[in-house]
Amino acid sequence: MSRFVMLVPLFIGIISLAIAGTSQMSTTEDSKQAELQQHWSCYTASDAQTHKQQVEHDMLPRVVFAGETKADSVESRMAMYKTPALSVAVIHNGKLDWSAAWGQLQTDGTDADCGSLFQAGSIAKPVTLLAAMRMKTAGLIDFDKNIETYLSSYHLPAGRQTDDNPVTFRNLLTHTAGITPGGHVGYAQGEPIPTDQQTVRGEAPSNSRKVEVLDAPGASLAYSGGGYTIIEIALQDQLNKPFDKIMREWLLAPAGMKQADFTIPLPTSSHPYTARGYQVDGTIVPGGWRNHPEQASAGLWATATDLAMFLLEIRKGYEGKSNVFSQASVREILAKPIDDHAYGFRLIGEGDQVFVTHYGGTVGYRAGMTLNLLTGDGAVYLTNSDNGANLGVEFFSAVSRAYNWPTFREVQVTRATQPVDVLHSLTGQYAFAEQEWKVSVVYANQALTLLFPNGDRYAMTPIQGRPREFIHPDTAVHASFDVEGADLLLQLYGQTGRRESSNIDAERAQVEVKEHLLAGYIGRYELSPGLVFDVKQSGGHLEIQLGDQPRFPAFPESESKFFFKIVDAQITFLRNGAGTVVALVLHQGGRDQEAKRIEP
């Protein structure tokens, strides 16, 4: 439902990511890379200092309330978001304008600089895409042939694909192959790392779902990290090389991404200048970071300048001035967008002000990059925090103001007040018939609150504008209410919902569940190797703890679904055909994560 991730300190934020295979460097290769590696230094063009200073001191939240919100410094916003390090690069008129870094690689540790490495998450996908485009231009692969043509070490299981409508490089790269949706959580330091084949088969030690063709190829757009693992296997089978070496040869070196690396695990020579990841509550990710053998989907380590070089080379290709990317290949990527997505890129803006954009996230890291191919303006951010996406949004907004972009701006509103009786009159359940989803509106904690089916709860603030208009300060989601005859309508995400019931309690309805049923949920549930929910019974509710985080009470809203009063998250227990509890599902931040029961 919601397009915005809202994570809280109770549970580790898990971002859907990626897919791939493992390759390890020998000690000799590691040493050679260390000798050859050249680190980026921070750079400021001669006429860029004013813009840089403006960005540094003009950070604003996503929603600005007139007469209330004041601009702040980068460092202050980093502290607020518990983000130890931020590295950025800004592009202007088709050139690197400036780059900078703030904070520390690890709390109370080494200062970050423009040569610091961060996990880039799903930004690995467009990098893989452009490498594949180069291979296509060179005649090594055909985007429209059956992917089985290129697979020898693995073959897709039978599914919705046919000989006449096969899975291909093209529909894998565009997320339209019908492959199992979703991504992966990575592997803690010291955990076994699966091969690509184990990952796609869902075999131990993989913690991923088995890859299957669940929908007819080309029928719909659905993010699939597993699809990119298939690409990874196919390229390795075709070229008979490990994926990190393929990417170094076909993309990283030609595009001038001199520090970027797909090697799994990350070479020890890189550890001294690598940013450690941090969770929502400001605690470090155990071991510093999780390993992502899903290289093509989430296995990229990079600096902000590396990603700026990547964007600049794409822009040269768009103009027909690149020796790396052909003009035809870059324009092919943009030719047939689906729902404003082009081969995984988001197209943000209109007319000649469209920014080609991609975001990434792994546990402890958030990243983003954007570029206007026509004007040559863009920006990159890398952070080492699960809160980093919010900081990145503010950075893009500050750059937008400094360089007068029409997109990525903050939302400026004026706070309004609404009588309590008016707020109560708007409560109820609203059905969006065309989209086939429902949203509940309640009055809770002195605010009108939207309850989404995925468990998100947005406390809305009244603002001036339409008679009954509201905004969610953290995400800038607007909601407004209109009357049509005897019906009350909710305008949300550009869609219209019609109230079908006004009988909604102000708080989540807590039901009584017999103690013997609660006792049936007691046990341990493994979310990923080493990350376990411990469920205990306490009177008429359950107490749930994830890992070494605090234990919190969970209250029943049905016999199988429980909610937390301290955090916007819910737990649903799953039973098998015999009625035995076999798993739980964590609903949080728009994500559903299943944890298998490992102990009664």
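User: In this predicted model, what is the handedness of the link of Cys-42 and Cys-114?

Analyst: A disulfide is a covalent bond between the sulfur atoms of two cysteines. In this predicted model, Cys-42 and Cys-114 form such a link, with their sulfur atoms 2.1 Å apart. The angle about the S-S bond is 95°, and the link of Cys-42 and Cys-114 is right-handed.

User: How many residues apart are Cys-42 and Cys-114, and where in the chain is each found?

Analyst: The search of the whole structure finds one disulfide. This pair links distant parts of the chain, with Cys-42 in the loop between α1 (27-36) and α2 (49-56) and Cys-114 in the loop between β3 (95-103) and β4 (118-119).

User: Which class of accessibility, buried or partly exposed, applies to Cys-42, and which to Cys-114?

Analyst: Residues under 20% relative accessible area are buried, and those over 50% are exposed. Cys-42 has 44% relative accessibility, so Cys-42 counts as partly exposed. Cys-114 has a relative accessible area of 2%, and therefore Cys-114 is buried.

User: How are the axes of α4 and α8 oriented to each other?

Analyst: Two packed helices are described by the angle between their axes and the distance between the axes. For helix α4 (residues 124-137) and helix α8 (residues 243-252), the axes come within 9 Å and cross at roughly 70°. Angles from 65 to 115 degrees count as roughly perpendicular. The two helices, α4 and α8, are therefore roughly perpendicular.

User: How many nonpolar residues does the contact of α4 with α8 have?

Analyst: On the α4 side, the residues include Val-127, Leu-130 and Met-135, and on the α8 side they include Phe-243, Ile-246 and Trp-250. By class, the contact of α4 with α8 has one polar and two charged residues, and its nonpolar residues number 10.

User: Which residues are in contact with Glu-394, leaving aside its neighbours within four places in sequence?

Analyst: Glu-394 is found in helix α12 (residues 388-403). Its relative accessibility is 1%, so Glu-394 counts as buried. Leaving aside neighbours within four places in sequence, the residues in contact with Glu-394 are Met-59, Leu-60, Pro-61, Arg-77 and Tyr-81.

User: What is omega for the peptide bond from Ala-204 to Pro-205, and what is omega for the bond that joins Ile-264 and Pro-265?

Analyst: Pro-205 lies in the loop between α6 (196-201) and α7 (225-239), while Pro-265 lies in the loop between α8 and α9 (295-298). The peptide bond from Ala-204 to Pro-205 is cis, with omega near 5°. The bond that joins Ile-264 and Pro-265 is also a cis peptide bond, and its omega is about -10°.

User: Is Asn-240 buried or exposed?

Analyst: Asn-240 is found in the loop between α7 and α8. Its phi is near 55°, a positive value in a residue other than glycine. Because its relative accessibility is 70%, Asn-240 counts as exposed.

Terms used. Residues numbered from 1 in each chain as written. Predicted model: local features only at pLDDT ≥ 70, side-chain atom pairs only at ≥ 80, totals over all residues. Heavy atoms only, no water. Disulfide = S-S within 2.5 Å. Helix = DSSP H or I, 4+ residues; strand = E, 2+ residues; numbered from the N terminus. Buried < 20%, exposed > 50% of the residue type's maximum accessible area, 1.4 Å probe, protein only. Axes fitted to C-alpha atoms, helices over the stretch in contact; angles between N-to-C directions. Parallel < 35°, antiparallel > 145°, perpendicular 65-115°, else oblique. Contact = heavy atoms within 4.5 Å. Nonpolar A, V, L, I, M, F, W, Y, C, P; charged D, E, K, R; others polar.
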